[in-house]
Amino acid sequence: MVRWFLLACLSFLLNGCNKDKDIIAELAEPLYQKGQQCLRENRAEEAFKLFNRLITQRKEFSPHTHFELGQLYLSIQKDPIFAIYHFRQYLIQAPEGKRVHLVLQMIETAKKEFARTLPLNDRYNESPEYLNLIE
């Protein structure tokens, strides 16, 4: 019984440490660092390319890179669908991250931006369903 408890505690500690190590490793990646530098220098297009390369290289745990890409897709690329994808990847990979509340708000903003791209014509404006939505 004691042996099982010690193994469970050790497993818990190691898993927690691995996630922290993965985050530190992601933030220490040269591509991530270069991308951050590009953002500071207002070179968003170059940062966009660097972050995409990093996602391709790491293939797994990259919540901070997904967050940065979500912001770039939303504000620079004007592509709310891809922004939502990257924000959701952040939520999947860092469900207890510091930016969860912000990411949820950004997803809502991206949904609104996407809704603005949908065509509305007069026929829909006069329908009872549309009028109910407006109310």
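Accessible areas here come from the Shrake-Rupley method with a 1.4 Å probe. On that basis, the accessible surface of this protein is about 9,800 Å². Carbon and sulfur atoms hold 60% of that surface. Keep in mind that this is a predicted model.

Now the overall make-up. The protein has 135 residues, and 32% of them are buried. There are eight helices and zero strands. Along the sequence the pattern reads α-α-α-α-α-α-α-α.

Next, contacts along the chain.

Let me turn to one helix pair. H4 covers residues 63-75, and H5 covers residues 80-93. Their axes come within 8 Å. How do the two helices run relative to each other, roughly parallel or roughly antiparallel? The axes cross at roughly 160°. Angles over 145 degrees count as roughly antiparallel. H4 and H5 are therefore roughly antiparallel to each other. The crossing of H4 past H5 is left-handed.

Which residues make the contact? From H4, we have Pro63, His64, His66, Phe67, Leu69, Gly70, Gln71, Tyr73 and Leu74. From H5, we have Pro80, Phe82, Ala83, Tyr85, His86, Phe87, Gln89, Tyr90 and Gln93.

Conventions
Residues numbered from 1 in each chain as written. Predicted model: local features only at pLDDT ≥ 70, side-chain atom pairs only at ≥ 80, totals over all residues. Heavy atoms only, no water. Axes fitted to C-alpha atoms, helices over the stretch in contact; angles between N-to-C directions. Helix = DSSP H or I, 4+ residues; strand = E, 2+ residues; numbered from the N terminus. Parallel < 35°, antiparallel > 145°, perpendicular 65-115°, else oblique. Left-handed = near helix turned anticlockwise from the far one by under 90°. Contact = heavy atoms within 4.5 Å. Buried < 20%, exposed > 50% of the residue type's maximum accessible area, 1.4 Å probe, protein only.
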